[in-house]
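Hello,

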Amino acid sequence: MTAVAPARAPVAPAAGAMPVVALIGNPNTGKSTLFNALTGLRQKTANYPGVTVERHTGTLQLGQRTVSLVDLPGTYALSAQSPDEMVAVDVLLGHVADVDRPRAVLAVVDATNLRRNLFLVTQLAELGLPLVVALNLWDVAEARGIHIDHQLLGRRLNARVVPISAARDIGLDALRSALTEALDAPCPPPLAVLPEPAAAARDLWARVAATGSHLRPYEVERALIDAGGVAERRFELSADAAFVAELQDLRTRLSRGSPLAAMEAKARYDLIGSVLSECEHRPPPVTAMAERVDRVTNHPVIGVLLFLAVMLGVFQAVFSWATPLMDLIDGATGALAGWVRSVLPPGAIASMLVDGGIAGVGSVVIFLPQILILFAFIIVLEDSGYMPRVAFMVDRLMRSVGLSGQSFIPMLSSFACAVPGIMATRVIPERRDRLATILAAPFMTCSARLPVYALLIGAFVPNHRYLGGAINLQGLVLFGLYLLGILGGVLTALIVKRTILRGPTPTFLIELPPYRLPNLKSVALKLLERGRVFLIRAGTVIFTVAVVIWALAYFPRPGEAVEARFDAERAAATATFDGAELDAELAAIDAEAAVEQLEASWLGRIGRGLAPAFAPLGWDWKVTAAVVAGFPAREVVIAILGTIYAVGDVGGGDDALITRLRDAEHPDGAPVFTTGMAVGLLIFYAFCLQCAATLAVMYRETGSWRWPLGAWAYMTGLGYVGALLAYRLLG
């Protein structure tokens, strides 16, 4: 059951504060596309205070006035049942601590499906706020022969109705004008779908408010109608027992033997039907091309094969298209490192900047092209309407492990990052199913794993190509690792649903949005935001960790006796050799000195102390130190490896981290990264839970450390066993 807090006091707008417009709509109506079209780059993402619900805000210029546009979570109704829906209602009612109550509401509706969308719109009209309705997909509706009298619709709803196509930037100037008028207009009288309950609720609210309650009239009305809902529970927390009893008496008297919620739904749909009979004309239904396409994409066999083919193509592109950009970043990083070495004298400062900062951060940033290519494909597939069909298609598979297609959406989100994926489980009503999905979500291959995969695959998987170069082995291996993560998550869900979280399989309903061409501007903005987040992480967390690891690897410095010994060896080599032989001998001495320095450093001592625990996996102390130090965030291991293997590097050879990993040796001369060890390390990262942010959000969503710590121990153990088996079997 969702935790409910008492209503906050209404937030008084700060003097001179920007007016707020709330953007709201059903899922899959193009709300995000419209938000991006209106705000462009003037937007930011944060969390609402006190909850793990993301908040997207942007600034919108309306003539000489700057307005704050708040993008609320998608919802079908204001009868809040989940944290996302509660946040949307609280913002609309002015209960959120750092968000002024909106001066106007912008509702986005699908012009091709008004009957469903107007349910939410009629509820918004009950709030008594100026309402602007954006009839999105207007061009699609016209192409289907759907004619809507938007001016008559506006009069019936007491709202400003504007036809638009957000994806094609059609009607946006008219929408801005309507918003300007709404901000200057007085608040309209609230719509009353059930006049008698609305009047009774307002009378009850007046007496409850006199006792100091911060509830709004609309909340009391929802508490009266939605028996057992969030609004009633909040009313019970905010009002005296006598008022709670009066609420129940009112419900009994007004229901006349039928639940008020059912009476409201009938009255609301009767109103919607009456409005549409006047405002909308639809041609006789015909079999559209989208329906024929759905027969293929939703087919239990063909649809699965098509999805696998699409994802295989994505992973091929990740390696094939990113190479030139990665080479460019690698060259720029090397040039920057060389320039810093040339302008700074040798010593700790130069080493910290080059070996710690540039080598550490650069070894992660080089994978930015691959991450952006993967994100671009996922965004396009989501915006095109294909991903909800995949969720519908995999419902049968999910039900076989005790879940439903509803769990697929959070798991799909986890391919970008497990944190929003786990947060997305709030839409799952049953707690057992929500917990099972939370435990399965971290297995999905997130963007933080991709740099690790890309490094190891690029280093130890040959770039063989098949079918005339259309298929490459590296892409196949990456595809296999994604499938391995999916398999781990599905099997985990099966185990917990058959044991500690045993319960019935939930039902699953999902609306399939129409196919549409993604808006390139919206795709670019989403891609830019994800790239920005990655670079900020690289410039802060990863840089900090890289410098700390550099310090652990650099200090303490060798004593004078050790330095004198290596200086003597260099002098002897200079007296004995010349030309290329001298260069090779000096490079070997420098490498030996660097290894001895690393072994004597604090990092070396830590790695050697923990190395016996990971020696059965074929890891040396360097890999052990990098993996252990990277537990707070898995992608940091690349920066750590880059730092460890760059310390003592004097140039004159290939500075690529891949080359240094290939050349790594045990003390007996045996290579560290054998096939079995490299495959085992990939399996370890496919399973191991190395992300402090994921553990923190698991704690926040479950309310206990039992689940995140149990998940960490389970996934780490699974990764260890998988790496051990790979090393033993493959050698």
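**Side-chain contacts**

Arg570 counts as partly exposed, because its relative accessibility is 24% (buried means under 20% relative accessible area, exposed over 50%, partly exposed in between, with a 1.4 Å probe and protein chains only). Asp567 is partly exposed too, at 45%. The side chains of these two, Arg570 and Asp567, meet in a salt bridge, 3.0 Å from N to O (a side-chain nitrogen of Lys or Arg within 4 Å of a carboxyl oxygen of Asp or Glu). Both residues lie in helix H25 (residues 560-576), 3 residues apart, about one turn of the helix. Helices (H or I, at least four residues) and strands (E, at least two) are DSSP runs, numbered from the N terminus.

Before going on, two notes on the source. This is a predicted model: local features need pLDDT of at least 70, side-chain atom pairs count only at pLDDT 80 or more, and totals for chains, interfaces and linings use all residues. Residues are numbered from 1 along each chain as its sequence is written, and side-chain values use heavy atoms, with hydrogens and water left out.

**Other salt bridges**

The count is 21 salt bridges. One of them joins Arg234 and Asp90 at 2.6 Å, N to O. That pair links distant parts of the chain: Arg234 is in helix H9 (residues 230-238) and Asp90 in helix H2 (residues 83-93), 144 residues apart. Both Arg234 and Asp90 are buried.

Arg168 and Asp139 form another salt bridge, at 3.1 Å, N to O. Arg168 sits in the loop between strand S8 (160-163) and helix H6 (172-184), and Asp139 in helix H4 (residues 138-143). They are 29 residues apart. Arg168 is exposed, at 54% relative accessible area.

**Aromatic rings**

There are 13 aromatic pairs. Rings of Phe, Tyr and Trp (its six-membered ring) pair if their centres lie within 6.5 Å; planes under 30 degrees apart count as stacked, over 60 as edge-to-face and the rest as tilted. Phe460 and Phe673 have ring centres 5.1 Å apart and planes at 10°, so they are stacked. Phe460 is partly exposed at 25%, whereas Phe673 is buried at 9%.

Tyr554 and Phe555 have centres 5.0 Å apart and planes at 80°, so this pair is edge-to-face. Tyr554 is buried, at 10%. Phe555 is partly exposed, at 28%.

Ring pairs also link Phe614, Trp619, Phe684, Tyr685 and Tyr720 into a cluster.

Best wishes
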